Amino acid sequence: MDPVRAILPALARRARENHLSWQAGLAAVRARRQTPSRGEAFAHAAVSELCLIDALRAADLQAGFRIDAITLSRDPVTAMKQLRDHVYGRQRDNAIEAEHEQDRHTYRRLAADPLTDQEHAMAVQPARMPAARRDKVIDAAEHLARHQQ
């Protein structure tokens with residue numbers, strides 16, 4: 001097997017681990033009722049995904065290329081998502097899960113409550129906006145939430 005293609009599963013595993021670490025950190029921050037921001041974990045997740053995308057581009061996969069039981073798309077971004085979701089990701093030493101487990105459970109319990117009518121109405125309004133305006137509204141809301149504390 002070509003060496004570039006041989007490293008794809010390893011890069012996908014690293015991307016998956018970094019993605020899980022970032023998501024666990026976000027859940028912990030939200031559980032503490034703090035406003036999430038993009039920190040080091042986000043940067044690691046983004047860089048590892050970009051490395052995987054670059055490796056997929058360099059591999060120049062032919063149509064129908066298979067790794068394990070999946071056929072990868074020719075689009076590098078789609079193939080990256082396929083690989084990242086396919087591999088088994090684990091936290092290094094499970095430290096993040098042990099450290100944030102209680103916060104994660106609290107967040108999931110709070111997030112599981114159904115939306116009130118007022119919350120639903122607030123969600124419908126941005127959904128009808130064009131994407132650029134919606135992003136601007138969300139950025140403004142995050143900015144306000146950060147500066148109210």
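Helices α2 and α3 are roughly antiparallel to each other, because the angle between them is about 160°. This structure is a predicted model. The protein chain has seven helices and two strands.

**The α2 and α3 pair**

- Helix α2 covers residues 8-31, and helix α3 covers residues 40-59.
- The axes of these two helices lie 8 Å apart.
- An angle over 145 degrees counts as roughly antiparallel, so the pair α2 and α3 gets that label.
- The crossing of α2 past α3 is left-handed.
- On the α2 side, the contact is made by Leu8, Leu11, Ala12, Arg14, Ala15, Asn18, His19 and Trp22.
- On the α3 side, the contact residues include Ala41, Phe42, His44, Ala45, Ser48 and Glu49. Cys51, Leu52, Ala55, Leu56 and Ala59 of α3 take part as well.
- Sorted by class, this contact of α2 with α3 has 13 nonpolar residues, four polar ones and two charged ones.

**The α3 and α4 pair**

- Helix α4 runs over residues 76-86.
- The axes of α3 and α4 come within 9 Å and cross at roughly 120°.
- The contact of α3 with α4 holds eight nonpolar and three charged residues, and no polar ones.

**The α2 and α4 pair**

- The axes of α2 and α4 come within 8 Å, with a crossing of roughly 75°.
- That angle makes α2 roughly perpendicular to α4, because the range for this label is 65 to 115 degrees.
- Leu8, Ala12, Ala15, Arg16 and His19 of α2 meet Leu83, Arg84 and Asp85 of α4.
- The contact of α2 with α4 has four nonpolar residues, one polar residue and three charged residues.

- Ala79 sits in helix α4.
- Ala79 has a relative accessible area of 1%. Buried means under 20%, so Ala79 is buried.
- Ala79 and Leu52 are 27 residues apart along the chain, yet their C-alpha atoms are separated by 9.2 Å.
- Phe42 belongs to helix α3.
- Phe42 has 25% relative accessibility, so Phe42 counts as partly exposed.
- Phe42 and Leu26 lie 16 residues apart along the chain. Their C-alpha atoms are separated by 9.4 Å.

**The whole chain**

- Along the sequence, the elements follow the pattern α-α-α-β-β-α-α-α-α.
- The protein chain has 149 residues, and 27% of them are buried.
- Take the contacts between residues at least 6 apart in sequence: 69% of these join residues at least 24 apart.
- The protein chain exposes about 10,300 Å². Carbon and sulfur atoms supply 52% of that area.

Notes
Residues are numbered from 1 along each chain as its sequence is written. This is a predicted model: local features need pLDDT of at least 70, side-chain atom pairs count only at pLDDT 80 or more; totals for chains, interfaces and linings use all residues. Side-chain values use heavy atoms; hydrogens and water are left out. Axes are lines fitted to C-alpha atoms, for helices over the stretch in contact, and angles run from 0 to 180 degrees between N-to-C directions. Helices (H or I, at least four residues) and strands (E, at least two) are DSSP runs, numbered from the N terminus. Angles under 35 degrees count as roughly parallel, over 145 as roughly antiparallel, 65 to 115 as roughly perpendicular and the rest as oblique. A crossing is left-handed if the near helix is turned anticlockwise from the far one by less than a right angle, and right-handed if clockwise. Contact means heavy atoms within 4.5 Å. Ala, Val, Leu, Ile, Met, Phe, Trp, Tyr, Cys and Pro count as nonpolar, Asp, Glu, Lys and Arg as charged, and the others, Gly among them, as polar. Buried means under 20% relative accessible area, exposed over 50%, partly exposed in between (1.4 Å probe, protein chains only). Accessible areas come from the Shrake-Rupley method with a 1.4 Å probe; for residues, only the protein chains shown count as cover.
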